[in-house]
Amino acid sequence: MPNWRNRAFRSTAALPASASSRDDAPERILQPRRGDQDDVPVEESVVEKAVYCNGHRVEAPKSLREAMHRLHGPDKPMAWIGLFHPTETQINDMAEVFNLHPLAVEDAIVAHQRPKLERYDETLFVVLRPAIYLDASETVQIGELHLFIGPDFVLTVRHSDRPTLAAVRERLESDPELLARGPEAVLYAMLDFVVDRYAPVIAGLENDIDEIENQVFESDPAVSRRIYELSREVAELQRATKPLLQIVKGLEDGFDKYDTDEELQRMLRDVTDHATSVVERVDGFRANLADILTLNATLVAQTQNEEMRRLAEAGMDQNDEVKKISAWAAILFAPSLISGIYGMNFDNMPELHWALGYPYGIVLMLIVCSVLFVIFRKRKWL
């Protein structure tokens, strides 16, 4: 079996940090330009350009027209040109050189496209949405990548600064036997690169969901907001990943019609398996977050009910204490009333000079207090 077949399945993520790279390759450090400058040539937005023959780089053309002219050679060369954040005028200049379809050009200018695969005559237009996980902010950043795959050229248009595509070019240039299979091999490597880059995103989201589950059971008041924000990120990632299955299916449907290399067919099916796994995981995350949100609402309701029950019990206990205090106050009020009346010292008061008046008053107080005590006792106020 040729050794390139084993290397073809090696993820670009596994490339060592010291992998050979051109010192002048600006794909790693270039920052996006702002504005649309009509007088800036398209070459100003080109971050990498090369012409390949039989899987080997043969030259770096100075302009797009020079690269297009070089493609007419007898050795079936392939041009691979990467553009970063081009302006509308620059995209139109590129389209004129490579005779791109106006609808595909319009999509590349407008950007913010959903992932898709469209065929215009002999040119494929592919939109991919690569993603990276930002550990510092625990968020997912979705980029946008447009590819024009022609019979003898590959044009990549990046509308975001990350991720860069230098690793893809390094991988293919280190494997000439794979790169010699033409633009379809580049398309495979791009798809494999984008799908593989979803793995750390999936791991980051999975860790976030585990943390959210702990927060839910710890009754963290900030967890509801975090669930909502993470649900939005997962929904955006789902919109970026789910169309991948349609893209690879569209490529598979054209295997026979466009006589796709058999080994490339196997590798693209491998990408399909990985993409299916990613889509299923993301779908599972969204379902998990929905369940967690429901669970959190249930736990919050239970906590509120428990708090209301404790408040009700406290209120009932307080009412019992008030009843006891009121009952004793009523019992003590009776003798106070009697003694208060006979303490006014008027001369013409009944029983005021009666010899048995004092014992009578004491007995009357005891009788009234006893009657009140029995009444309150029966009503369980005491």
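At what angle do helix 11 and helix 12 pack, and how far apart are their axes? Let's find out. One caution before we start: this is a predicted model.

Two packed helices are described by the angle between their axes and the distance between the axes. So here are both values. Helix 11 covers residues 262-341, and helix 12 covers residues 357-378. They pack at an angle of about 160°. Their axes are 9 Å apart. Angles over 145 degrees count as roughly antiparallel, so helix 11 is roughly antiparallel to helix 12. The crossing of these two helices is right-handed.

Now, which residues of helix 11 and helix 12 meet? From helix 11, take Ala327, Trp328, Ala330, Ile331, Ala334, Pro335, Ile338 and Ser339. Across from them in helix 12 sit Leu364, Met365, Val368, Cys369, Leu372, Phe373 and Phe376.

Next topic: charged pairs. The model has 20 salt bridges. I'll pick out a few.

Start with aspartate 192 and arginine 171. Their side chains form a salt bridge, 2.9 Å from N to O. Aspartate 192 belongs to helix 7, residues 183-196. Arginine 171 belongs to helix 5, residues 166-173. So this pair ties together parts that are 21 residues apart in sequence. Aspartate 192 has 3%, so it is buried. Arginine 171 is also at 3%, so it counts as buried.

Arginine 281 takes us back to helix 11, while glutamate 206 lies in helix 8, residues 198-217. Arginine 281 is partly exposed, at 34% relative accessibility. Glutamate 206 is partly exposed too, with a relative accessible area of 36%.

Glutamate 118 is at 22%, so it counts as partly exposed. Lysine 116 is at 9%, so it is buried.

Last stop: a network. Salt bridges link Glu306, Glu307, Arg309, Arg310 and Glu313.

Salt bridges come to 20.

How values were computed. Residues numbered from 1 in each chain as written. Predicted model: local features only at pLDDT ≥ 70, side-chain atom pairs only at ≥ 80, totals over all residues. Heavy atoms only, no water. Axes fitted to C-alpha atoms, helices over the stretch in contact; angles between N-to-C directions. Helix = DSSP H or I, 4+ residues; strand = E, 2+ residues; numbered from the N terminus. Parallel < 35°, antiparallel > 145°, perpendicular 65-115°, else oblique. Left-handed = near helix turned anticlockwise from the far one by under 90°. Contact = heavy atoms within 4.5 Å. Salt bridge = Lys/Arg side-chain N within 4 Å of Asp/Glu carboxyl O. Buried < 20%, exposed > 50% of the residue type's maximum accessible area, 1.4 Å probe, protein only.
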